[in-house]
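Work through these exercises on salt bridges and cavities. Keep the sequence and the model at hand.

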Amino acid sequence: MTAMIALGLEGSANKLGVGLIRHDMSTTPPTVTILSNLRHTYHPPPGEGFLPKDTALHHRSHILELIKNALAEANITHKDISVICFTKGPGMGGPLTSVATVARTLALMWNKELVGVNHCVGHIEMGRQITGAENPVVLYVSGGNTQVIAYAEKRYRIFGEALDIAVGNCLDRFARVLNLPNDPAPGYNIEQLAKKGTKLVDLPYTVKGMDVSFSGVLSYIETNAPALLASGEYTEADLCFSLQETVFAMLVETTERAMAHIGSREVLIVGGVGCNKRLQEMMDQMASQRDGKVFATDERFCIDNGIMIAQAGILAYQTGYTTPLEKTWCTQRFRTDEVFVAWRE
Amino acid sequence: MIHNAQLIKQGAEAKVYLAPFCQRQAIIKERFAKAYRHPTLDKKLTSRRVIQEARCLNRCQKAFIDTPTVYLVDVDSSLIYMEFIEGCSVRDYLTTDDGHLPEAQAKVAKEIGTALGKMHNIDVVHGDLTTSNLMMRKESGSLVLIDFGLSYVSNLIEDKAVDLYVLERAFTSTHPNTEVMFAQILEAYGQNSKASKLILKKLEDVRMRGRKRSMLG
């Protein structure tokens, strides 16, 4: 076979993503082409988070149309697909199983193989493919995950992580306090508001070795925000600015420590929070102080998408890995270091 | 800073220089300003950490725990002058031929566990335990705890358990297949730490807490 096409289906949180990717194996390394990358996002009203039940309903209502559109955009039919990849976990149970059900049904109808993919590994492989970073320290930051990862001996090993809530969750929940809209994303709206902020509020800063903790800073700012705003001394923008400066400094610090520890000069930022320009800028300042380089992607690949699942899935598939139908169940807890990375040296 | 200082390492937190100081070789640790950090936040963290580091090193020294001796602290310039340790890190040692032998690993593990037990007994929490921050003296082979840059004083079981957890993670992520060695560390720790039962029980909780984080994406 000279070329392979993978269909990737992602729905572990509030984004539903469908992607088609082609690997042309006649060249070394294979030539990778993105045929289509579609996303549909569920936005709850301002002041609320997305609930599993509503999110699953959203995914069920849109997935068939999204797959049809993806095939049309790629200008292929289902016959051209070699393998169907879906997110096995981690994520919210309801949304995950809604998407997996569609993956299974299509595999049976079209007689295709299935590959269950770890969501975090999907982010890492997509980031590596897009940026060309070879062996970076990976900072994976999103609404549900905060991990500092490095590859060693066939596993993506977790060097540090959030001990309680994820950084994206911290930002999203503060956006609810300020009643910021969830469209396009609460974190994005915090980022825009933070640009107008100038005054730094002294917030708790918690780094425990390589690990970080965000629950303290969140409850501090949630509790004190009303009084700080009422005093007239600080604006909403100042609070967003202070929150970003503090939590991102914690992330950059632990990433730098991981780089120093393993002696790496490359950093790759992936995950939804990874599109934050201020985080990228801070990471860049850290890297240039130590002769390093930052790799980051834009929202098409940073935020959850179907292509990343297709990419990680097709890499596993090329090593002969498939997920038998009876093992295509989903799991909410699926650690990055559980995956055997057969496709890397 | 003293002239003739020679930069020997740039860590994540600080630059480390080797320089003559009062007729002996000394290490000068300079915490440099972080361009990415807000100046106010940077200043607060840096001066806090310089003071805490010197304090904790001193506290360990008084309790006869092998750590670099502090010679001089200059808070305004974020400098600490301390003893230069000749030797290699446990991290490097574990990659040598000797370091692969089970007996050698057991011996080092016992020393690590003992030192950590004694350190926690005097309520010093290291804050950044990795195999790079554990050294072995060239002459005596004695285990030295270094880099107290994130250390602080606390009597909380929680903080001590997290300290051990940080080391465990550094072990499993840097040195795959050393689970036996880490178990030996905990065994020696158990024999030397006063509140080891509670701390080791808490460590179980902290491990579970880390695992929970893989839920959403």
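**Exercise 1: a pair within a helix**

In chain A, Glu125(A) and Arg128(A) join their side chains in a salt bridge, with N to O at 2.7 Å. The model is a predicted one.

Solution. 
- Step 1. Both residues sit in helix H3 (residues 119–131) of chain A.
- Step 2. They are three residues apart, about one turn of the helix.

**Exercise 2: a pair between elements**

Task: find which parts of chain B the salt bridge between Arg31(B) and Glu53(B) ties together.

Solution. 
- Step 1. The closest N and O atoms of Arg31(B) and Glu53(B) are 2.9 Å apart.
- Step 2. Arg31(B) belongs to strand S3 (residues 24–31) and Glu53(B) to helix H1, so the pair ties together parts 22 residues apart in sequence.
- Step 3. Arg31(B) is buried at 6% relative accessibility. Glu53(B) is buried as well, at 1%.
- Step 4. Both belong to a network of salt bridges, whose members include Glu13(B), Arg37(B), Arg49(B) and Glu253(A).

**Exercise 3: the second largest cavity**

Task: describe the lining of the second largest cavity by class.

Solution. 
- Step 1. The volume of this cavity is about 50 Å³.
- Step 2. Among its lining residues are Glu13(B), Arg31(B), Arg37(B) and Arg49(B).
- Step 3. Helix H1 (residues 39–62) of chain B gives the most, with three residues.
- Step 4. The lining has two nonpolar, one polar and five charged residues.

Terms used
Residues are numbered from 1 along each chain as its sequence is written. Chains are lettered from A and ligands numbered from 1 in the order in which they are written. This is a predicted model: local features need pLDDT of at least 70, side-chain atom pairs count only at pLDDT 80 or more; totals for chains, interfaces and linings use all residues. Side-chain values use heavy atoms; hydrogens and water are left out. On a 1 Å grid over the protein atoms alone, a cavity is a set of points where a 1.4 Å probe fits but cannot get out, and a pocket is an open set with protein on both sides within 12 Å along at least five of seven lines; lining residues have an atom within 4 Å of a point. Grid points are joined across faces, edges and corners, and a volume is the space filled by probe spheres set on the points. Helices (H or I, at least four residues) and strands (E, at least two) are DSSP runs, numbered from the N terminus. Ala, Val, Leu, Ile, Met, Phe, Trp, Tyr, Cys and Pro count as nonpolar, Asp, Glu, Lys and Arg as charged, and the others, Gly among them, as polar. A salt bridge is a side-chain nitrogen of Lys or Arg within 4 Å of a carboxyl oxygen of Asp or Glu. Buried means under 20% relative accessible area, exposed over 50%, partly exposed in between (1.4 Å probe, protein chains only).
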